[in-house]
Amino acid sequence: MPGSIEETNLCKIMLRNRVLAFLVLTAQLLVMVPETSAKVLALIVFGDSTVDSGNNNQISTVLKSNFQPYGRDYLDGKATGRFSNGRIAPDFISEGLGLKNAVPAYLDPEYNIVDFATGVCFASAGTGLDNATSSVLSVMPLWKEVEYYKEYQTRLRSYLGEEKANEIIKESLYLISIGTNDFLENYYLLPRKLRKYSVSEYQDFLIGIAGDFVKDIYRLGARKMSYSGLSPFGCLPLERTTQIFYGSKCIQEYNKVARDFNTKMNEKVSKLNKELDGLQLVFSNPYDLVSEILNHPEAFGFENVRSACCGTGYYEMSYLCDKMNPFTCSDASKYVFWDSFHPSEKTNGIVASHILKYDLSRFH
């Protein structure tokens with residue numbers, strides 16, 4: 001029949017394209033699955049706004065994000081209190097571990113212990129390792145997050161019984177992301193003459209607190225932990241635009257502080273793994289990946305690294321954006337940053353995928 005060969009060839013091409021599309025999709029999904037044999041029954045999150053899924057909604061602070069346009073690209077378009085246009089890194093990590101696609105905030109009244117049994121977030125935006133940092137914007141200090149975790153354990157045991165609850169506590173992955181606010185909301189906001197420590201001394205002070213925190217939750221039963229280092233916070237839109245002296249370039253002094261902190265924290269992690277029997281503590285360092293994104297945005301599908309999607313890109317004087325802001329972009333996936341301080345959902349997904357593949361694969 002005339003044209004049958006052409007039709008056959010066309011069918012073959014279409015079939016091949018479908019197969020290729022399927023293989024690409026499969027490969028993308030495999031990237032999100034950690035190459036680990038470890039059993040993870042729940043994801044338990046501590047830290048600041050990088051991982052807060054809405055706890056600040058329930059406390060008396062100005063640092064909230066439970067209004068539009070925050071959350072406009074979230075699963076149901078709801079502003080949950082996540083500092084993003086959509087999901088944050090723990091949500092992607094939870095999904096990649098085969099748990100749920102979003103980690104609920106412990107203080108969110110819409111959820112209960114049934115929901116928290118497979119994942120829960122205790123993080124509070126604006127907090128730090130240093131108690132003084134949490135006082136700046138009246139948010140939860142880290143010790144309060146631990147108190148809520150103790151309460152969670154009591155509720156979990158009441159719900160599931162001692163044996164099952166203890167298994168979940170032991171076989172959970174504990175995700176910790178904190179530290180940037182200690183420098184940007186505390187140390188560098190103080191006049192130089194009022195600072196009690198040099199930068200190096202303050203880093204050591206913070207790392208001491210981080211070590212104590214790890215020991216605290218270890219004593220409470222935690223065994224698998226991922227401690228996230230600092231990203232190049234001198235490149236945040238907020239810092240680029242409020243530090244007029246530097247123009248729109250990254251503040252390299254700040255980035256060096258982040259790198260030095262990460263080096264010291266990595267050493268601390270090694271010591272803790274030797275000290276605490278049965279502990280699996282992984283140091284997850286996002287610095288190089290985020291730097292790569294900022295230096296080669298086009299390789300990751302980004303068009304803008306300097307300004308935030310929600311903001312003017314120049315006077316980024318506030319962390320928060322609101323629906324009245326006339327400069328909010330139409331497509332956040334082209335931006336590395338959602339607001340002047342926080343990454344976009346796309347950036348969160350890239351970082352989470354990297355953590356799953358290269359850091360969490362080390363658990364056994």
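Me: Why is the disulfide of cysteine 309 and cysteine 329 called left-handed?

Reply: The torsion about its S-S bond is about -95°, so the disulfide is left-handed. This is a predicted model, where local features need pLDDT of at least 70, side-chain atom pairs count only at pLDDT 80 or more, and totals for chains, interfaces and linings use all residues. Residues are numbered from 1 along each chain as its sequence is written, and side-chain values use heavy atoms, with hydrogens and water left out.

Me: What makes cysteine 309 and cysteine 329 a disulfide?

Reply: A disulfide is a pair of cysteine sulfur atoms within 2.5 Å. The sulfur atoms of cysteine 309 and cysteine 329 are 2.0 Å apart, so the pair meets that cut-off.

Me: What is the torsion for cysteine 310 and cysteine 321?

Reply: The value is about 115°, so this disulfide is right-handed. Its S to S distance is 2.5 Å.

Me: How do you know whether cysteine 235 is buried or exposed?

Reply: Buried means under 20% relative accessible area, exposed over 50%, and partly exposed in between (1.4 Å probe, protein chains only). Cysteine 235 has 5%, so it is buried. Its disulfide partner is cysteine 250, which has 16% and is therefore buried.

Me: Why is cysteine 121 called buried?

Reply: Its relative accessible area is 1%, so it counts as buried.

Me: How confident is the predictor, in pLDDT, about the protein chain?

Reply: pLDDT is the predictor's confidence in each residue, from 0 to 100. The chain averages 89, and 86% of the residues score at least 70. Over residues 1-35, pLDDT stays under 50.

Definitions and conventions: Contact means heavy atoms within 4.5 Å.
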